[in-house]
Amino acid sequence: MTDRDTAFAEYFAARSDAMRGTAFLLCGDWHRAEDLTQVAFTKLYVVWDRVSRHEALDGYVRQTLFHAFLDERRLGWWHRVRVTDVPLDGATSDTAPDDRIAMIAALAAVPPRQRAVLILRYWEDLSVGETAALLSCTTGTVKSQAARGLQTLRTHLEDSHARASRNQS
């Protein structure tokens with residue numbers, strides 16, 4: 001194994017789980033999240049020797065991951081996965097399972113570009129400027145997409161809560 005391969009393997013081992021988690025939030029499916037993560041890291045491996053600032057690797061992989069997700073949605077290679085009341089494999093949290101399922105279903109209902117903005121801003125904790133740079137758009141677009149995405153998310157969560165309340169009574 002060369003130094004290049006060793007360095008890449010170390011980076012992959014350290015960051016792949018976090019990127020896979022982000023990919024899951026984007027697509028709502030662990031298998032597709034694995035595929036998106038693999039695409040992002042494969043693209044990184046191809047350009048590994050040309051990356052001069054290794055402290056910027058997370059940004060490069062994150063940007064590649066989001067572009068892979070958006071390209072996949074744009075090209076229509078996948079059908080949309082609907083989340084059901086069956087718990088997702090591999091996911092753990094202190095949150096009640098019903099709340100997690102409702103949140104994932106609501107997030108899946110948000111259009112892909114808005115979902116990408118929400119995940120970058122509120123899950124990855126990126127600034128408006130960083131999100132705009134990553135998605136190759138203006139800061140105004142990030143702000144409007146975040147506002148619309150949050151409204152869509154709230155609406156779906158309120159609907160889910162109302163349905164749950166009706167079912168219990």
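Which helix does Met-103 lie in? I found Met-103 in helix α4, residues 97-109. Helices here are DSSP runs of H or I with at least four residues, numbered from the N terminus.

**Source notes.** I am working from a predicted model, in which local features need pLDDT of at least 70 and side-chain atom pairs count only at pLDDT 80 or more, while totals for chains, interfaces and linings use all residues. Residues are numbered from 1 along each chain as its sequence is written, and side-chain values use heavy atoms, with hydrogens and water left out.

**Confidence.** I looked up pLDDT, the predictor's confidence in each residue, from 0 to 100. The protein has a mean pLDDT of 82, with 83% of its residues at 70 or more. For residues 77-83 the pLDDT is below 50, yet this stretch has 17 contacts in the model beyond near neighbours in sequence. Contact means heavy atoms within 4.5 Å. Where pLDDT is low, predicted coordinates should not be read in detail.

**Met-103.** I checked the exposure of this residue next. Met-103 has a relative accessible area of 37% and is therefore partly exposed; buried is under 20%, exposed over 50%, and partly exposed in between, with a 1.4 Å probe and protein chains only. Setting aside neighbours within four places in sequence, I noted that Met-103 contacts Leu-153 and Leu-157. Met-103 and Leu-153 are 50 residues apart in sequence, and their C-alpha atoms are 8.2 Å apart.

**α5 and α6.** I took helix α5 (residues 112-123) with helix α6 (residues 128-135): the packing angle is about 135 degrees and the axes are 10 Å apart. Axes are lines fitted to C-alpha atoms, for helices over the stretch in contact, with angles from 0 to 180 degrees between N-to-C directions. The two helices are therefore oblique to each other, a class left over after roughly parallel (under 35 degrees), roughly antiparallel (over 145) and roughly perpendicular (65 to 115). From α5, Arg-113, Ala-116, Val-117, Leu-120 and Arg-121 meet Val-128, Thr-131, Leu-134 and Leu-135 of α6. I recorded six nonpolar, one polar and two charged residues in this contact. Nonpolar covers Ala, Val, Leu, Ile, Met, Phe, Trp, Tyr, Cys and Pro; charged covers Asp, Glu, Lys and Arg; the others, Gly among them, are polar.

The buried residues of α5 include Ala-116, Val-117, Leu-120 and Arg-121. Just after α5, I noted a positive phi of about 60 degrees at Asp-125.

**α1 and α2.** Last, I looked at helix α1 (residues 3-27) and helix α2 (residues 30-47), whose axes come within 8 Å and cross at roughly 145 degrees. Their contact has 14 nonpolar, three polar and six charged residues.
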